[in-house]
Amino acid sequence: LFMVLATVPFPAPAQQAPQSSGAALIEIENDVAAKRGVGPWQKAEVNLPLTAGDKVKTGRKSRAAVRLQDRSVWRLDQLSLFEVAATAVEIKRGAGYMFNREKDQEMRVNTPAANGALRGTMLLVRVTPALTTLMTVFEGQVELSNAQGRLILNSGEQGEVEIGRAPRKTAVINAVNILQWALYYPAVLDPQELAMSAGEERAVA
């Protein structure tokens, strides 16, 4: 299941960019805008270079993907606001799914309610309209913290943080259900078939 999640592309209409060495906006679908530093919001273009302070936002029924300099890729759901910071990334609203093949590399993720220090390869961060943070670790480990407390999330665990409250662990639902927006690929990948295949593989193992 993790191998499939890591390689799932966006739907065919998304525009894709060639690989480059720096951080960049590498995929866009529908309404995606970018803001370079203190400049105005503009319609995003594929292969747009990104540096600290740059932001990307997605509209309704829209998605995007940002590749950072460390080669990690963040896939952004609709109605998301993402910022590249000097030593971290920031999810201000919406959701971002991160995949990184560099297992030993640490990454910091900031949200309005908490910060996460990730050492691993697969993570989903969602910020609700009420600014509650949900972090789901598919592979690796995250230290989730704010001024009120901290906790460690391991593979298969999810943490929730409300503004002004300490982080707490919550039950994790089916990974396919959590990531349906990233898995959807018309005529190629059916999430129900993916769940069935994963179950069959576990049965064989």
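Begin with the entire protein displayed as a cartoon. The model is a predicted one. Four helices and 16 strands can be traced in the protein. Of its 205 residues, 49% count as buried. The accessible surface comes to about 10,400 Å², and carbon and sulfur atoms contribute 51% of that area. Among contacts with a separation of 6 or more, 42% join residues 24 or more positions apart.

Next, select Leu25, Trp74, Val109 and Leu123 and show their side chains. These residues belong to the largest nonpolar core, which has 34 residues, and they touch the most other members. Then select Met122, Leu124, Phe138 and Ile178, which are included in a second, separate core of nine residues. In soluble globular proteins, nonpolar side chains tend to be buried together.

Turn now to the charged side chains. Arg150 counts as exposed, at 53% relative accessibility, whereas Glu143 is partly exposed, with a relative accessible area of 31%.

Select Lys92 and Glu90 for another salt bridge, with an N to O distance of 2.8 Å. Lys92 is partly exposed, its relative accessible area being 27%.

Finally, select Arg165 and Glu162, whose side chains form a salt bridge at 3.8 Å, N to O. Arg165 is exposed at 53% relative accessibility, while Glu162 is partly exposed at 30%. To close, display Lys55, Glu83, Glu90 and Lys92 together: salt bridges with shared partners join these residues into one network.

Definitions and conventions. Residues numbered from 1 in each chain as written. Predicted model: local features only at pLDDT ≥ 70, side-chain atom pairs only at ≥ 80, totals over all residues. Heavy atoms only, no water. Core = buried A, V, L, I, M, F, W, Y, C linked by side-chain atoms within 4.5 Å. Buried < 20%, exposed > 50% of the residue type's maximum accessible area, 1.4 Å probe, protein only. Helix = DSSP H or I, 4+ residues; strand = E, 2+ residues; numbered from the N terminus. Contact = heavy atoms within 4.5 Å. Areas by Shrake-Rupley, 256 points an atom, 1.4 Å probe, with all protein chains shown as cover. Salt bridge = Lys/Arg side-chain N within 4 Å of Asp/Glu carboxyl O.
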